[in-house]
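Dear colleague,

I am passing on the structure we spoke about, and I would be glad if you could look through it alongside the notes that follow.

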Amino acid sequence: MKFSGFRVVKEALTGHKGWGALWRNPEPKPDYDIVIIGGGGHGLATAFYLAKTFGKARVAVLEKGWLGSGNIGRNTTIIRSNYLLPGNEPFYEFSMKLWENLEQETNFNSMVSQRGIINLFHTDGQRDAFRRRGNAMMLAGADARLLGQSELRKMAPFLNFDNARFPIKGGLMQSRAGTARHDGVVWGYARGADMRGVDIIQNCEVTGFRIENGAVKGVETSRGYIGAGKVGVAVAGNSSRVMAKAGMRLPMESHVLQAFVSEGLKPTIPGVITFGAGHFYVSQSDKGGLVFGGDIDGYNSYAQRGNLPVVEDVLEGGMALMPMIGRGRLLRSWGGVMDMSMDGSPIIDRTDIEGLYFNGGWCYGGFKAAPASGYAFAHLLATDRPHETASAYRFDRFARGHIIDEKGVGAQPNLH
């Protein structure tokens with residue numbers, strides 16, 4: 001079933017009787033060439049590219065719940081590639097290029113909206129740091145533009161430019177950045193993978209690994225044993241718990257990141273805006289709700305909920321940036337479980353166990369990285385070589401001293 005404008009008109013005229021399910025609901029086979037644990041954005045993108053780009057047909061994705069129940073449905077939907085360090089910027093720019101062609105590639109409306117992102121600066125020193133980041137972005141093939149205060153006032157007149165503590169002096173803009181519909185992303189990848197023969201098995205929790213002579217042979221699940229030539233783990237905030245079943249301890253912690261949405265308001269926010277004097281980022285959905293977030297909770301947790309101190313901190317940042325939102329009402333909030341690595345950057349690598357591969361530690365970058373993460377993980381699984389844009393995301397970088405400390409706070413996962 002191929003989606004098109006003609007198909008929509010045809011179904012409208014015939015009572016919408018021709019629409020089918022987006023993907024099958026198969027029973028698990030006894031074994032597969034490759035098993036992907038985790039049916040979120042990264043796992044499904046991996047399966048999609050394994051089938052589409054690398055021609056791997058005997059692939060299964062195992063999801064303990066339903067598709068979209070994890071972090072892929074619990075984020076603020078921002079896509080961007082405005083990174084500084086050489087280990088990160090080429091990778092996220094590769095992801096940005098995949099985002100730009102995602103709807104054509106998957107034949108599904110993921111509502112990719114390139115409305116731009118503006119990172120505000122409030123001091124001369126912060127301006128210079130953003131200029132350096134913009135130069136690094138352009139060297140990697142991305143777009144960047146430094147905005148002065150007068151230009152920014154025309155674009156976002158509602159900001160509190162004259163705040164005595166945090167005067168807004170300008171911003172760094174990436175025009176190609178924006179947002180995407182998280183549900184549309186996971187559904188599009190699931191449908192695309194299923195059409196190419198991938199088995200997507202929901203309500204199938206992995207309870208253990210079968211490892212013999214240092215090599216993985218398959219996985220134990222709530223629906224029985226499934227053999228596998230290779231196993232890829234992409235389970236976001238549950239990475240430590242799943243990899244512990246294989247006897248591995250990971251260099252990361254799990255924290256909760258809350259997100260919020262307001263009642264529907266008139267169109268105001270032109271794209272994505274981030275506060276440079278605190279951790280607050282905001283965009284506006286097509287339904288008018290302000291979608292925003294801030295810092296992670298300061299303690300380790302696997303609960304998909306947050307706490308009141310973070311709610312207060314995020315809203316304080318929003319009020320400092322644009323006091324007008326104080327009259328709006330908060331509609332709902334939710335929490336996603338984040339793998340916070342020791343340097344704030346992810347891992348896509350083989351493990352010491354033959355046939356077992358890992359993808360995790362995405363910190364704040366998980367949603368925006370989904371296309372490139374899936375492609376790079378598929379490349380690794382198919383060829384046993386890291387993709388050129390993900391060659392820095394190795395387990396041994398901590399031992400070698402080649403950390404990718406994008407935010408510059410060292411080995412403090414709760415601060416990345």
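**The sheet and the helices around it**

In this predicted model, eight strands make up an open sheet of mixed pairing, arranged in the order S5-S6-S4-S13-S14-S15-S12-S16. Strand S5 (145-148) and strand S16 (330-341) are the edge strands, each of them pairing on one side only, and from one strand to the next the twist averages 25°.

Within the sheet, strand S4 (residues 117-121) pairs with strand S13 (residues 272-275) in the parallel sense over three bridges, and Asn 119 has Thr 274 in S13 as its bridge partner. Helix H5 (residues 124-139) lies across S4, S5 and strand S6 (170-174), and runs at about 150° to S4. Helix H9 (residues 308-321) also packs on the sheet, where it touches S4, strand S12 (252-264), S13, strand S14 (280-284) and strand S15 (289-300), its direction making about 135° with that of S15.

**A helix pair**

Please look as well at helix H2 (residues 41-52) and helix H10 (residues 366-383), whose axes come within 7 Å and cross at roughly 45°; the two helices are therefore oblique to each other, and H2 passes H10 in a right-handed crossing. On the H2 side the contact is made by Gly 41, His 42, Ala 45, Thr 46, Tyr 49 and Leu 50, while the residues contributed by H10 include Gly 366, Ala 369, Pro 371, Tyr 375, Phe 377 and Leu 381. Sorted by class, this contact of H2 with H10 has 11 nonpolar, six polar and no charged residues.

Key: Residues are numbered from 1 along each chain as its sequence is written. This is a predicted model: local features need pLDDT of at least 70, side-chain atom pairs count only at pLDDT 80 or more; totals for chains, interfaces and linings use all residues. Side-chain values use heavy atoms; hydrogens and water are left out. Axes are lines fitted to C-alpha atoms, for helices over the stretch in contact, and angles run from 0 to 180 degrees between N-to-C directions. Helices (H or I, at least four residues) and strands (E, at least two) are DSSP runs, numbered from the N terminus. Angles under 35 degrees count as roughly parallel, over 145 as roughly antiparallel, 65 to 115 as roughly perpendicular and the rest as oblique. A crossing is left-handed if the near helix is turned anticlockwise from the far one by less than a right angle, and right-handed if clockwise. Contact means heavy atoms within 4.5 Å. Ala, Val, Leu, Ile, Met, Phe, Trp, Tyr, Cys and Pro count as nonpolar, Asp, Glu, Lys and Arg as charged, and the others, Gly among them, as polar. Two strands pair if DSSP finds at least two bridges between them.
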